[in-house]
Amino acid sequence: MLGIPSENGGELKHFLINGRKNVKPIVDDRPPIHHSVLETIIDDRKVVRINHAESDLCLAQLTVDNSTIQSFLGVPLMSANEVYGWLVLLEKANDGEFSAQDERMATTLAAQAAIAYENAVLTERLQRNAEELDRTGRQQLEMKDQFISHVSHELRSPLSAVHQFTTILLDGLAGPLGSEQREYLEIVLRNSLQLRDMIGDLLEVTRAQAGKLTIRPKPTSLCDLLDP
């Protein structure tokens, strides 16, 4: 049996059992997590080897059918950093006794299982962190796009008014202009057109980053593009 308690120690987070007939590798009937022998394995971080078990140890509670247990070997599921649970072997075949060699074998298996579980936990944690960072990044990008879009639209209204009234003045609709006045207004018009193009480019970049940019392919002559 292999058991890994939850973080708060209130229940078995993972429990697997194998080696008995008609018993699935993963069962719903789980042993009591606060059994004294199991707590000794985890709390004291030591191997518990019992042969010719006494009835007052209540080892039968660790089986799925409350059968009598005579031989018990339990080792902590432990890596170099932490104890995660326990690995338990019950009833050695042919009514044998668990030996020091069995203890070393079980300790090696438990250490390998602990490393595998620790790697799985770290991988899951890294994946959650990556997903959280990705979600945060998307939210920040969305906020930035909304801000740029809002500012761009707010700039377009006064810029449109500047462009419109500058054009009216240059067309002479508000009265005649001197050469110096016309020169200054043409500077205003050029800069307003340049600012309008910059705002348009900014909105295009925002749409491209958001995946909303529409591309319409059309035939183009390479000669026209390459001709200086």
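**Exercise 1. Find which residues touch the most other members of the largest nonpolar core, and which elements supply it.**

Solution. Of the 17 residues in the largest nonpolar core, those that touch the most other members are Met1, Ile41, Leu59, Phe72, Trp86 and Val88. A nonpolar core here is a set of buried Ala, Val, Leu, Ile, Met, Phe, Trp, Tyr and Cys residues joined through side-chain atoms within 4.5 Å, and buried means under 20% relative accessible area, with exposed over 50% and partly exposed in between (1.4 Å probe, protein chains only). The model is predicted, so that local features need pLDDT of at least 70 and side-chain atom pairs count only at pLDDT 80 or more, while totals for chains, interfaces and linings use all residues. Residues are numbered from 1 along each chain as its sequence is written, and side-chain values use heavy atoms, with hydrogens and water left out.

Next, turn to the elements, where helices (H or I, at least four residues) and strands (E, at least two) are DSSP runs numbered from the N terminus. At least two residues of this core come from each of strand E2 (12-16), helix H1 (36-43), strand E3 (48-51) and E5, and H1 gives the largest share, 3 residues. A second, separate core has 12 residues, among them Leu73, Leu77, Leu87 and Val121.

With neighbours within four places in sequence left aside, the contacts of Phe72 include Val37, Ile41, Leu59, Val88 and Phe98.

**Exercise 2. Determine how many salt bridges the structure holds, and work out which parts Lys92 and Asp102 tie together.**

Solution. A salt bridge is a side-chain nitrogen of Lys or Arg within 4 Å of a carboxyl oxygen of Asp or Glu, and the structure holds 6 salt bridges. In one of them the side chains of Lys92 and Asp102 meet, at 2.7 Å from N to O. Because Lys92 lies in the loop between strand E5 (83-90) and helix H2 (100-170), whereas Asp102 lies in helix H2, the pair ties together parts that are 10 residues apart in sequence. Lys92 is partly exposed, with a relative accessible area of 29%, while Asp102 is buried at 13%.

Now take Glu124 and Arg128, whose side chains meet in a salt bridge of 3.3 Å, N to O. Both residues lie in helix H2, 4 residues apart, which is about one turn of the helix. Glu124 is partly exposed at 45% relative accessibility, and Arg128 is also partly exposed, with a relative accessible area of 45%.

Finally, Arg196 and Asp197 form a salt bridge in which the closest N and O atoms are 4.0 Å apart.

**Exercise 3. Classify the ring pair of Tyr84 and Tyr117 by its centres and planes.**

Solution. A pair of aromatic rings is described by the distance of the centres and the angle of the planes. Rings of Phe, Tyr and Trp (its six-membered ring) pair if their centres lie within 6.5 Å, and planes under 30 degrees apart count as stacked, over 60 as edge-to-face and the rest as tilted. The structure holds 2 aromatic pairs. For Tyr84 and Tyr117 the ring centres are 5.2 Å apart and the planes stand at 70 degrees, so the pair is edge-to-face. Since Tyr84 lies in strand E5 and Tyr117 in helix H2, the pair ties together parts that are 33 residues apart in sequence, and both residues are buried.

**Exercise 4. Describe where Thr166 lies and what it contacts.**

Solution. Thr166 has its place in helix H2 and counts as buried at 6% relative accessibility. Leaving aside neighbours within four places in sequence, Thr166 is in contact with Leu185, Val188 and Leu189.

Technical notes: Contact means heavy atoms within 4.5 Å.
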